[in-house]
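Hi,

Here is the structure I promised to pass on. Have a look at it first, and then read on for what turned up in it.

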Amino acid sequence: MAMIGSNLIPDGPILPTMSRTKRRIFPTDSSVILVGYRGVGKRTLGFIAAKHLGRRLVTEDHFFEQSTGCTRAAFLQKYGRDTFNQQMAVVLSRMLKINQTNCVIECGTGTLSPDIEEILKGYIETNPIIYIHRDKEDLFKLLKLPVADAERHLVTDQKHRNFSNLEYFNLFDPSGEGQVKEDCSLRSASTSTARLVEAKQDFKNFLDNILGHGLTRSWVSNPFSMKAIPPEYRPYTFVLSLRLSTLISIDFDLAVLEAPAETVELIIDTWPDTMLDLIAAQVALIRRKLDVPIIYTVEENPREERKRTLEERDAMDLELMLHGLRLGVEYLTLDLERSPELIDQILTMRGRTKIIGNYVIKGFGAPKWTDDVYIERYLVAQQLGCHIVRIARFCAVDRSDDLRKIFIDRIHALPDPKPCIIAYDFSVFGVVLPFQGDTMNPVGHNSLEKSSREQMVGVSTARGTLRDIFRKGYLQPLNFFTLGSNVYYSASPSMHRAAYEHYMMPHTFEARRCTSLEDVDRIRRDPGFGGASLTAPFKVAIMPLLENLSPHATAIGAVNTLLPLRGETDSILDHANARNRAGPASKFYGDNTDWSAIMTCLRRAISPRNSVQPSRTTALVVGAGGMARAAIYALIKLGCRLIFIHNRTVAKAEEVARHFNQYAADQGLLGRQNEGEQICRVIESATDPWPESYQQPTMIVSCIPAYGIDNIPAIDFRMPPQWLRSPTGGVVVELAYEPLITPLVDHIRKIREDGNTSWVIVDGLEVVGEMAMEAFELMTGRQAPRRLMRRVCNETWEKTSAPFQPQR
């Protein structure tokens, strides 16, 4: 249970009077076991999991060779198939036994004997065993298998579900969605989103969810972030209904539905061939494209499907629900009028998935909300251990919402802890009112045609409903800003305004020049102040004036995002849920998103051959201001432990180096064997050679403004060629974007034109786009429409700045 100020957010079911065994909840130190066919990506995902969880990776190939003195192929050739299978079982049994805790184990279960299956089944209750698979056609093309062999291996691969308790579909997405592909010759040689980066994040999110780390990680990182507060605890949240029958028939990229709601309800309403694989693929696609929690619903009597007997329906739907739990979905709806045996099975096997106890009251004679039957049903759901209770009541005549509000008040008066309540009326046209209650109301999307299978969702969309909420005064228009001494060229206003229009929120965003802290203070004290992005010279100077700082801002020693705290209590949850509301604010929260934007861009651009190795990888940061501090922090978060700083004023560079060396010592980042070592070092002069005992830098971040401040001319820094001799190239991040073609960008372009294309340039416009998206989410509590904001960022720059850029 996570503590949020004076509020408690349960991370498990509410069980006031009974206890229930919840399989798929494992000891925190249980080793994660990966199984699946060859070529599905187990080894890569194993490395990702081991690094993310801070554990040792054990591979069956290596363990077999250690145990027998020869490779598996050599052993098979020497002793034959039967002896090989026997030895494999012996090796697997020993490997699992001695590595049962604090490891990630990759099992090469391409050869499945009955003995191996039984060994793995013995760990189903104690360890997460994750079946990894991918699109079968792509896999068999990759392995160049003939049709007959592919069919035989397909049958073998399906057996992995028999001795695993979780499942992950390793999505291959050829669309390359993520970064704008620029045709403009002035834009630098930025890469599109690396597919491996997306796969890494998908799998890390999956692990956090099934192991119960997700909420804690997000909350500790930033309590105002989108994933720190579950949607059932946030006001005015929406659920987008997506039917499986729709998903398998649409012919457009799911990413066009960007930022459609706070959650997606995936409704299983059809039963195609290879159904389990298809559902797994759709779950992976929703996670990749929409990046929101999934509510998994198996419809009991889907329209336009054949009628089933009760026995067939229960058996079939139980298999589908258990499949959803295997996929680690965040929520699963359970109709509490189904058979007791099915309900008990799902509640027993729920793992970390939150159960939504569901009641649908149909018919023209549905009792009014003041009838005690609704309280009774709520209490039954609570008794069973449901985390959320959702009640939908058919309403044909009376459209008043007063009686439903009385019912909600009665629920709120019950003693805590208790499940969250969702209650709304529906008719033959869907939900009666656009928004009933405070949370998780069903909505559709304009890009999706209304299906004849749909029963609940009417014509409401998240953006249209939000517009009505603002019009009715539940939320108020606010004014947001970019504040600094040189903000005339800022791309942020256009991006934020486009995002407000996407959600139909009547906020404003303005770049305003400020020359003193008094100017900033005057703006932030206004009752209509919503938040601000801070630039030089206020990132460090504002810190003593803030009552609350994020851990990142404290570690960096600089703030770039300023938020008013308007909660009714001192609880951060109350403050977070008071966003989009006007009123006086006497306390403020400071955060820093510069570092995460830089880290995101670095992750996308780093090639596999330059992947960060703490003991070897070196980085160079040019500058010693607030952005340089954020860059160093980003590099530390990436795992780099050898960072060099160069600045025109050496004393400032030394001050920044001392700050982060102390931070590294306080956090124990260097380990006992390296105690006394430094994480940051200073290079005093641009004429100095690169230190001989260190590798050439493969990550370079330039944090020098391209403009002057307060009549001080811009710094004309030229990167010394002796610092650009990495044989594997690397990534250069230029944070300045006005002008976009700085001397550093021009220099790296020439290196690329001369044939060394292993250097990748990330220009300042790409970084500022990431900063704006994160700031939007912190300021409004809504998911940023990233495709839209990237496009507007580029369009704005091309209209206002590109014509005036220096040409080559």
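A residue counts as buried when its relative accessible area is under 20%. Keep that cut-off in mind for the aromatic residues below. Also note that this is a predicted model.

Let's start with Y168. Its relative accessible area is 6%, so Y168 is buried. Y168 belongs to strand β7 and F206 to helix α8 (residues 195–211), so the pair ties together parts that are 38 residues apart in sequence.

A second pair worth a look is F481 with F529, which is stacked, with 15° between the planes and 6.3 Å from centre to centre. F481 is in strand β17 (residues 479–484) and F529 is in strand β19 (residues 529–534), so to speak distant parts of the chain, 48 residues apart, that the pair links. F481 counts as buried at 7% relative accessibility, and F529 counts as buried at 1%. Over the whole structure, the search finds 24 aromatic pairs. There is also an aromatic cluster, made up of F64, F75, Y79 and F84.

Now for the sheets. Strand β7, where Y168 lies, is part of an open sheet of five strands with parallel pairing, in the order β4-β5-β3-β6-β7. Which strands stand at its edges? They are β4 (56–59) and β7 (166–169); each has a single partner strand, so one side of each is left without a neighbour in the sheet. From one strand to the next, the twist averages 25°. Further in, strand β3 (residues 32–35) and strand β5 (residues 103–106) run parallel and are joined by three bridges. One detail to click on is L34, whose bridge partner in β5 is E106. Helix α2 (residues 60–68) packs on this sheet, where it touches β4 and β5, and its direction makes about 65° with that of β4.

Another open sheet has six strands, again with parallel pairing, in the order β25-β24-β23-β26-β27-β28. Its edge strands, β25 (680–682) and β28 (759–762), each pair on one side only. Neighbouring strands here are turned by 20° against each other on average, direction ignored. Strand β24 (residues 642–646) runs parallel to β25, and three bridges join them. I643 has C680 as its bridge partner in β25. Helix α22 (residues 626–638) packs on the sheet and touches β23 (618–622), β24, β25 and β26 (699–702); the direction of α22 makes about 170° with that of β23.

Last, a pair of helices. Two packed helices are described by the distance between their axes and the angle between them. For helix α11 (residues 275–290) and helix α12 (residues 310–326), the axes come within 11 Å and cross at roughly 35°. The crossing of α11 past α12 is right-handed. On the α11 side the contact is made by M275, L276, I279 and A280, and on the α12 side by M316, E319, L320 and H323. By class, this contact has six nonpolar residues, one polar and one charged.

Cheers

Definitions and conventions: Residues numbered from 1 in each chain as written. Predicted model: local features only at pLDDT ≥ 70, side-chain atom pairs only at ≥ 80, totals over all residues. Heavy atoms only, no water. Axes fitted to C-alpha atoms, helices over the stretch in contact; angles between N-to-C directions. Helix = DSSP H or I, 4+ residues; strand = E, 2+ residues; numbered from the N terminus. Left-handed = near helix turned anticlockwise from the far one by under 90°. Contact = heavy atoms within 4.5 Å. Nonpolar A, V, L, I, M, F, W, Y, C, P; charged D, E, K, R; others polar. Pairing = 2+ DSSP bridges. Phe/Tyr/Trp six-rings, centres within 6.5 Å; stacked < 30°, edge-to-face > 60°. Buried < 20%, exposed > 50% of the residue type's maximum accessible area, 1.4 Å probe, protein only.
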